[in-house]
Amino acid sequence: MAEAGTPAPRTLFDKIWDAHVISDMGDGYALIHVDRHVVHDMGARGFVGLRNRGLPLKHPELTFASADHAIPTSPTTPWATYSNPYLENLRESARIFGFTFFDVARPGAGIVHVVTPEQGIALPGSTLACGDSHTCTIGALGAVAWGVGQSELLHILATQTSIQQRPPNMRIMIEGPRPNGITPKDIILHVIRRVGTAGARGLAIEFAGSAIADMDMEGRFTVCNMAIEMGARYGMIAPDETTFAYLKGRPYAPKGELWDQAVANWRGLRTDPGAVFEREIVIPSRDLAPQLTWGTSPDQVIGVDESIPDPAGETDAVRRKSMIDALSFVGLEPGQSLIGVPIDNVFIGSCTNARLSDLRLAASYAKGRRVAGHVEAWVVPGSFDVKTAAEAEGLDRIFIEAGFQWRDAGCSMCGGMGDLSRERVASGKRVVSTTNRNFVGRQGPGSRTHLASPAMAVAAAIAGCIADVRDL
Amino acid sequence: MEPLIEIVGAAASLPLNNVNTDTIAPTRPRAQAGPAAIAEREIDATALFAPLRYDAQGAPRADFVLNRPGFERATILLAGSNFGCGSSREQAVWLLADFGIRCVIAPSFGGIFYDSCFKNGILPVMLPADQIDLLIAEVGAGAPQSIFSVEVASGTITTPGGRKLAFDLPEFRRSALLSGLDDIALTLRGSDAIAQFQARDRAARPWIYLPMTKTP
């Protein structure tokens, strides 16, 4: 118990939340200041809404945009002349309203959740909103970052604020060393399996523990990216020296005295001892095998050395039906091993797994090997800057020589929207994908998705079927 | 926005958990001829629940509730837990509204979907699963035999059999629904509070506001 006069211990989330409350709206709702508003091409409709209402953009200097969802990623795209209606809207809106727009195929362009940390736009202790549910990715910097729908996006454009309900907090401690061949993606898939797709619904998750402390920044983005797949609108990690080292010198990050002042402030961003969490779980990372999904929900996960669970063993009728439906959709049987299941596509990309470390890892397995003849395998970097850095290291050559397509940055096949929805997995085809959702038809109507790490994606591409990367 | 006072009509039951917004609205940007202009909202009415509503050949599935006689004009949807989870796509809400749904009753919702409902004149009601089971048991043949009513001001659901169930709503949401006042207008009325917050915050955290142009 806190003594009289001493402030009650608070969570990391609550500290940042409290510092951004403009007014209390009752019932746990508050008007929250948005420090950074990020808009992608599907959010461009918000600018149409602004114009339809004759409203100004409240803070152009706090608004940033990049086109990622609907643009093509073909390496032969004629970028100097390329356009589509969403991209054109962002270009025109940037001219009218004066916000920062990273136009395609130049520094700063790419998937919004890759770009904003990489450019130093997203900062610890800040609030960041974007019309995309995977905005929780940014919480890895120690920020409160959440996704909104288009109406709330318009509200933020017009007011630089968002109406949000304060969520209770959950802490997920991931403890222990990470075995060889096991990536942050395997860890988060395993966590989702344990927590379930609604297990953190309405909560803000703080990830902590030794496996998180030991993880580099890019791995932490992968972990926080999938908080939404447990129903949590927010995922976050307390900022530490790893965070500060990652941000220092980034184009939009504070510089000089302001940097020192910011870091001094950020050092206080941690959960106080004794702070109360609504729910707390500890998950060991020591004995993990590579993880992948077998069904149509991100919590339908098994280790590659396990077999697909039998719906007959599920006591809850609704859950049993969803398992049966999932197996029917993906064309697999209870008790079957995933190893050896033939695949058609491999997709390495997305806001989950398309940063430089992901591509380095994938290239380390692809080097000197060949993609199976019947498999179409794509590598889509998360941003223009990631692509440039990867090419400087020769990763593009490794992928191309192994038979992968090395493409331009964008969301591409992740949601089946790239190139105005022409970049998708064909109906009935099976893809091993480093993305975050295996929903029915997510990567294209009728497509069947197995979520996995970049390492497992390469293993599948080489073998032509689902394979254990540890046997490669 | 039109004030939302009371919803009267048939209730369709869809007792599936974790129905995500990709399933509610599997819409995608499409290549189109013509001028490069996008609308604030794009409604593709045929997309609503497409993976559940149509078979692989695109024909309506007779067993899907909204295809059944008596439910093609349902105004209330009785749903499973975590309804509207997943992607932030507001098309999920727009398509439901376009179909005529004005109220979704579920044990729980995806957070972004829940917020978006209020902004589009749809009332999302959270009720315990066992109470929803009672409602589902009363659905019957749909309109015009089985009419439910949902009253916003008092927070009451009245079933065809006369049973009354109470539900809670955040007060500011309730008054916004009843007045039809939009959130943006409401927030802009408090612009002074926003300006005061920013003045204070700018002094405490200048790095948030200051170097907003790229520094080499």
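Me: Where is the place of P144(B)?

Reply: This is a predicted model, in which local features need pLDDT of at least 70 and side-chain atom pairs count only at pLDDT 80 or more, while totals for chains, interfaces and linings use all residues. Residues are numbered from 1 along each chain as its sequence is written, and chains are lettered from A and ligands numbered from 1 in the order in which they are written. P144(B) sits in the loop between α5 (129-137) and β6 (148-151) of chain B; helices (H or I, at least four residues) and strands (E, at least two) are DSSP runs numbered from the N terminus.

Me: What joins A143(B) and P144(B)?

Reply: A cis peptide bond does, with omega about 0°.

Me: Changing topic, where does Q160(A) lie?

Reply: Q160(A) is in the loop between α5 and β8 (161-165) of chain A. Its phi is near 60°, a positive value in a residue other than glycine.

Me: Is Q160(A) buried or exposed?

Reply: Q160(A) is buried, with 23 C-beta neighbours inside 10 Å. A residue is buried if 20 or more other C-beta atoms, placed from the backbone, lie within 10 Å of its own, exposed if 12 or fewer, and partly exposed in between.

Me: And what about D27(A)?

Reply: D27(A) is partly exposed, with 14 other C-beta atoms within 10 Å. Phi of D27(A) is also positive, near 55°.

Me: How many residues of chain A are in contact with chain B?

Reply: 65 residues of chain A are in contact with 52 residues of chain B, where contact requires C-beta atoms, placed from the backbone, within 7 Å. Helix α5 (residues 150-159) of chain A gives the largest share of the chain A side, 7 residues.

Notes:
Two residues are in contact if their C-beta atoms, placed from the backbone, lie within 7 Å.
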